[in-house]
Amino acid sequence: MRPFEEEERELVVEGRRFLTATAFSLLSVALITDPAGPLSLILPTIATLSLIAFEHDTLVRTAQTDIRYYGTVHTGPVSHDLLFGLDARYYWLDETQASGFGTNQVVNPTNPGTPTLGAPYQDATTTQSQTGLYVQDQLRFGDGWIVTGNLRHDFVETEQDGAAGFERSDSESSWRAAVGYEFPLGITPYVSYSSFFNPLITSPANGVTEPESGEQVEAGVKWAPEGENFYLMAAAFQIDRENVVTGAFPNYNQLGAVRSTGFEFEGGYQFGFGLTVVGTATVLDAEVTEDTDASLIGNTPTLIPEHELTLRAEYAFQGPLDGVSIGAGVRHRGESYANDANTLTVPDATLFDLYAGYELSENLDLNLSATNVADKRYVTGCQTEYVCSYGAGREVMLTLKATW
């Protein structure tokens, strides 16, 4: 099923073909049949389309800061790259949502007009503040050994007003450890382990009572010879997530676990005349390993594409135009499942981007970017047949970046 298509679709039932126009978001087709007669004879009179309309008014404000101190110290033959930091984030969401339902006939549909919306099912303001403290030490010794360890602790306060208001406090520690060895030819294999903590905003009344947490194991290799103009990276990883939220508002479920295994590849080549090309590829296999619904174990969760590919090329001018650069990129997102039962899929999408930059001075850069330049209309993902999201259309952004 390709959700939200606005074109004529052909419906084939028992060898007969019917054309239906989906001027509204077609979320499901309900075929009501009479067991006493063939479906092909009664379809034109009683088959209906189920229609649903949404209205929302949402305003989001965010603020974020990250303060860190970095330094290097030596303890005998061991070099320590130390990092101490504090980051803080504030998230404010004011939203009102309402919906309305209707039906229409499959054959010779009529204009249903403007749907009548019911009372808002969501009318609230939600705030979340998060403060994290972290420390990291990267040790280098023995002519090539690299050992990294870090520790982080987060304090999170979440609050929502309205009829179903709630308050929740979360506090969690996470950490990471990695070991690698840099060979003389620039080849660095490594292994790493990390844990993570993801605070959620959903109300406990909707079935979400714990933050999502999990762990990741990764092994890979980097090849970046000193003095050369290329690099290659490859990694295999496994991510285990607990307290995973599935479903959509208000029918959430947080009794699941998901395991994702995959591979990542990245490479870049810098040509001698100003051209640089970088490509990445990710292949992912996600599987539900625990769920209250045993029939879903082994299925793939929604919103997770099977693969993602990117290719970016940038050209830096020289001579009179020194400091000017232009670039182009292509992004491809593979198919994903639209429902937990894995019976519906969201189609893949390929997008094109353009950008340009100008180095005004050593510490000042001006950048112009245009993403999805073709203004392609596509769906990024669905959580059930009734909740899908469009991807961003064409966006043009001009930024001025200063460093000191």
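**Close-up 1. Ser192, a buried residue of strand β9 in a predicted model.** Ser192 counts as buried because its relative accessible area is 12%, where buried means under 20%, exposed over 50% and partly exposed in between, computed with a 1.4 Å probe on protein chains only. The residue has its place in strand β9; helices (H or I, at least four residues) and strands (E, at least two) are DSSP runs, numbered from the N terminus. Leaving aside residues up to four places away in sequence, Ser192 touches Arg176, Ala177, Ala178, Gln216, Val217 and Glu218, a contact being heavy atoms within 4.5 Å. This is a predicted model, in which local features need pLDDT of at least 70 and side-chain atom pairs count only at pLDDT 80 or more, while totals for chains, interfaces and linings use all residues. Residues are numbered from 1 along each chain as its sequence is written, and side-chain values use heavy atoms, with hydrogens and water left out.

**Close-up 2. The second largest pocket and its lining.** The second largest pocket holds about 280 Å³ of space and is lined by 15 residues, of which Thr148, Arg176, Ala178, Tyr190 and Lys222 lie nearest its centre. A pocket is found on a 1 Å grid over the protein atoms alone, as an open set of points where a 1.4 Å probe fits, with protein on both sides within 12 Å along at least five of seven lines, and lining residues have an atom within 4 Å of a point. Grid points are joined across faces, edges and corners, and the volume is the space filled by probe spheres set on the points. At least two lining residues come from each of β6 (122-141), β7 (145-160), β8 (166-181), β9 (187-198) and β10 (212-223). The lining divides into 4 nonpolar, 7 polar and 4 charged residues, where Ala, Val, Leu, Ile, Met, Phe, Trp, Tyr, Cys and Pro count as nonpolar, Asp, Glu, Lys and Arg as charged, and the others, Gly among them, as polar.

**Close-up 3. The salt bridge between Asp81 and Arg140.** The side chains of these two residues meet at 4.0 Å, N to O, a salt bridge being a side-chain nitrogen of Lys or Arg within 4 Å of a carboxyl oxygen of Asp or Glu. The pair links distant parts of the chain, since Asp81 belongs to strand β5 (residues 78-105) and Arg140 to strand β6, 59 residues apart. Asp81 is buried at 13% relative accessible area, whereas Arg140, at 36%, is partly exposed. By this rule the count comes to 9 salt bridges.

**Close-up 4. A network of Asp87, Arg152 and Asp154.** Arg152 forms a salt bridge with Asp87, their closest N and O atoms being 2.9 Å apart, and this pair joins strand β7, which holds Arg152, to strand β5, which holds Asp87, across 65 residues. Arg152 also meets the side chain of Asp154 in a salt bridge of 2.8 Å, N to O, and the shared partners join Asp87, Arg152 and Asp154 into one network. Arg152 is partly exposed at 22% relative accessibility, while Asp87 is buried at 16% and Asp154 is buried at 3%.

**Close-up 5. Positive phi at Leu303 and Thr384.** Most residues other than glycine have a negative phi. Leu303, although not a glycine, has a positive phi of about 75°; Leu303 lies in the loop between β13 (275-290) and β14 (307-316) and is partly exposed at 36% relative accessibility. Thr384, likewise not a glycine, has a positive phi of about 80°; Thr384 is found in the loop between β20 (379-382) and β21 (388-390) and is partly exposed, with a relative accessible area of 21%.
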